[in-house]
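Subject: Structure for you to look at

Dear colleague,

Here is the structure I said I would pass on to you, with some notes on what I found in it.

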Amino acid sequence: MEWLWAVALVVLVVPTLYLYTVGVVATRFPMLYNKRICLLIAHPDDEAMFFAPTVLALTRPETGNHVKILCLSSGDADGLGETRKRELAKSGLTLGLRKEDDVFVVEDPRFQDGMTNKWDPSEIAGLLSAAFAPSLAQQKKADTAPTASIDVIVTFDADGVSQHPNHISLYYGAKAFAAALTAGRTGWAPPVDLYTLTTVPMARKYAGFLDVVATLAGWAFGADMKDKEHPKGLVFLNGAGNGGVTTAWKAMTTAHKSQMVWFRYGWITLSRYMYMNDLKLDDIKG
């Protein structure tokens, strides 16, 4: 019987400690404030399956942020492109975006959904430049400070979380865009920060909220608390109930209905990305 008591104690204590940690992280860890933020994703449902903790945190009214989602494909591999675009808009609103118009989906033959399709980073960078820094060429010619209509891009890292080539392409495209803003112009600070979602090993990926210890340890190792305007690392944890993991689940189960095949229920239950995100500020060199 003693082992039953031990199991019961663990079941009670571990979630309680996690929820306490959620409160500490939300109030004491670095946060972005009053930023124009673009979440750059490859497919409708990426925002819910991978970035829900980030979107829920950055859209909280008290942060003053304006978050928009830019999706470079409609995920039309199965002929469901129009359905998935509507689902993305609904999911974005569920996760805290201000309005449907804050969700943009690109329909471009250069960016076709598929596990064998690598997207050209230079073409992604060109699209981002046209959307967010259309005056870059004139600014370079006039030797004036580079500007952009966003302050932050959030996207996948170089491993793409799931090794999906579309995800990986986004990282290299976003990095090329951010670097181009100050390329050949020493002394200018880049006007756009690039934050990338950390890819973790398989065992941690499916550890759910239990991955919090490793996540916080990784953040602490590279943390720099001095620059509050441009934190080197960000951690967002989903609590329970409305505005937390329940809302993240809702974004998948009620918005992305076309994608809720059996294995996705396993993902939203076990994936640490439904509970936590840790982002790193990429080192941009023009």
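To begin with the strands, which residue in E5 is the bridge partner of Val-154? The bridge partner of Val-154 in E5 is Tyr-195, and please bear in mind for this and for everything below that the model is a predicted one.

That bridge belongs to the pairing of strand E4, residues 152–156, with E5, which is parallel and runs over five bridges. E5 also pairs with strand E7, residues 276–281, but here the sense is antiparallel and there are three bridges, with Leu-197 standing opposite Leu-279. As five of the five residues of E5, which spans residues 193–197, are buried, this strand is largely enclosed by the rest of the structure. In a regular strand, side chains alternate between the two faces of the sheet. Both faces of E5 are covered, with Asp-193, Tyr-195 and Leu-197 buried on one side and Leu-194 and Thr-196 buried on the other.

Strand E1 (residues 36–41) and strand E2 (residues 66–71) run parallel and are joined by six bridges, and Ile-41 has Cys-71 in E2 as its bridge partner. E2 is in turn joined to strand E3 (residues 103–105) by three bridges, again in a parallel arrangement, and Cys-71 stands opposite Val-105 there.

Next comes the interior. In soluble globular proteins, nonpolar side chains tend to be buried together. The largest nonpolar core in this model has 79 residues, and those with the most contacts inside it are Phe-51, Leu-70, Leu-72, Leu-128, Ile-153 and Phe-177. Helix H8, residues 165–180, gives the most to this core, with six residues. If neighbours within four places in sequence are left aside, the residues in contact with Leu-70 include Cys-38, Leu-40, Phe-104, Val-106, Leu-128 and Phe-132.

Ala-180, which also lies in helix H8, has a relative accessibility of 28% and therefore counts as partly exposed, the range between 20% and 50%. Apart from neighbours within four places in sequence, Ala-180 is in contact with Leu-136 and Lys-140, while Pro-146, which is 34 residues away in sequence, lies 9.9 Å away in space from C-alpha to C-alpha.

The largest pocket has a volume of about 500 Å³. Of the 22 residues that line this pocket, the closest to its centre are Asp-45, Met-49, His-164, Phe-263 and Arg-264. Helix H2 (46–49) and helix H12 (262–270) are the elements that give two or more residues to the lining, and the largest share, three residues, comes from H12. By kind, the lining residues divide into nine nonpolar, seven polar and six charged.

Finally, two residues deserve a look for their backbone angles. Most residues other than glycine have a negative phi. Asn-34, in the loop between helix H1 (2–28) and E1, has a positive phi near 55°, and at 60% relative accessibility Asn-34 counts as exposed. Gln-163, whose place is in helix H7 (residues 160–163), likewise has a positive phi, of about 65°, although it is not a glycine, and its relative accessibility of 47% means that Gln-163 counts as partly exposed.

With best wishes

Definitions and conventions
Residues numbered from 1 in each chain as written. Predicted model: local features only at pLDDT ≥ 70, side-chain atom pairs only at ≥ 80, totals over all residues. Heavy atoms only, no water. Core = buried A, V, L, I, M, F, W, Y, C linked by side-chain atoms within 4.5 Å. Buried < 20%, exposed > 50% of the residue type's maximum accessible area, 1.4 Å probe, protein only. Helix = DSSP H or I, 4+ residues; strand = E, 2+ residues; numbered from the N terminus. Contact = heavy atoms within 4.5 Å. 1 Å grid on protein atoms, 1.4 Å probe; cavity = no way out; pocket = protein on both sides within 12 Å on 5 of 7 lines; lining within 4 Å. Points joined across faces, edges and corners; volume = space filled by probe spheres on them. Nonpolar A, V, L, I, M, F, W, Y, C, P; charged D, E, K, R; others polar. Pairing = 2+ DSSP bridges.
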